[in-house]
Amino acid sequence: MSRDWSEPHWNPAFCNGQGGFVGHEVKFSNVKPEYRWFDGTSYVYNIGEKIEPNPDGTYTMAKANGAAFDGNSKIYPIKNHWTNMPLHENGEIIPPTIMQMFMTGDFDQAVQKGMEEQGLTGDYSMVHANAEMLITHGVEPKTDAPSCNECHDSSGQSNSTVPFAELGYHNFPEKVKSCTLCHEQKSMGWESMHNKHVRSEENLDCTSCHTSPPTGFVKPTSDLCNDCHSPKSEYNVSSVHKKHLEKGYTCNRCHDF
């Protein structure tokens, strides 16, 4: 789960039984994973790059690319591995010569030799760094996949299994919860509701319900409506929504969020 290079520990089994000084390692079994949106590509730090700190002062050297509702990403489990790394005063991560650490237990020597190999001089500081690692080992067979209710409660909102809210997914506006955002209030189980709105009749986009409510129109209605037809003086909100959704229009075509 983490490795601290500043605490060398002799491991006689390391290097094929030759032994070596390794950083202090923290290991656990049956750890609940973290979750990220992942589009199949990743950012990985390249030697020589300037790296910017996260808001909390840590540095991410590998992470999953992806975002909610980008059309390409799915929610994946990851292991978030933590360590401490040398950051040069110019903003580059220094690649230490780890074999030097294994042989001597002196991480500073490993850093200094790494600086020499990269043509760097000057000072460095130790910073906390992490890498998001895709979990690809020990994956359960699909027959053991969780049921819908293990991730969703009866309303379709998340329980403690997957942190949907932290992932930016299940942000239900109050009018969505009461089913009054687009029509009069109705009562329906979440699976039936999804079948109606997403898979069959309405063909709604996920962002229609799983985002903040609209804050207004993209432009005044006097100018908005005549983009496609002559302005209408009288209309019913429910029928307008239904007609435009049937045409395949998404909410952000007319609404700001």
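Close-up 1. Lys-27 counts as exposed because its relative accessibility is 66%, a value over the 50% cut-off. In this predicted model, Lys-27 is paired in a salt bridge with Glu-25, and the closest N and O atoms of the two residues lie 3.6 Å apart. Glu-25, by contrast, counts as partly exposed, because its relative accessibility is 29%. Both residues belong to a network of salt bridges that also links Arg-3.

**Close-up 2. The salt bridge between Arg-36 and Glu-34.** The closest N and O atoms of Arg-36 and Glu-34 are 2.9 Å apart, and the two residues form a salt bridge. Arg-36 is partly exposed, since its relative accessible area is 21%, while Glu-34 counts as partly exposed at 34% relative accessibility.

**Close-up 3. The salt bridge between Asp-227 and Lys-219.** Here the side chains of Asp-227 and Lys-219 meet with an N to O distance of 2.9 Å. Asp-227 has a relative accessible area of 48% and is therefore partly exposed, and Lys-219, at 27% relative accessibility, likewise counts as partly exposed. The pair shown here is one of the salt bridges found by a search of the whole structure, which gives eight.

**Close-up 4. Glu-166 in a loop between two helices.** Glu-166 is found in the loop that runs between α4 (148–151) and α5 (174–177), and counts as exposed because its relative accessibility is 72%. Although Glu-166 and Tyr-35 are separated by 131 residues in sequence, their C-alpha atoms are 9.3 Å apart in space.

Technical notes
Residues are numbered from 1 along each chain as its sequence is written. This is a predicted model: local features need pLDDT of at least 70, side-chain atom pairs count only at pLDDT 80 or more; totals for chains, interfaces and linings use all residues. Side-chain values use heavy atoms; hydrogens and water are left out. Helices (H or I, at least four residues) and strands (E, at least two) are DSSP runs, numbered from the N terminus. Buried means under 20% relative accessible area, exposed over 50%, partly exposed in between (1.4 Å probe, protein chains only). A salt bridge is a side-chain nitrogen of Lys or Arg within 4 Å of a carboxyl oxygen of Asp or Glu.
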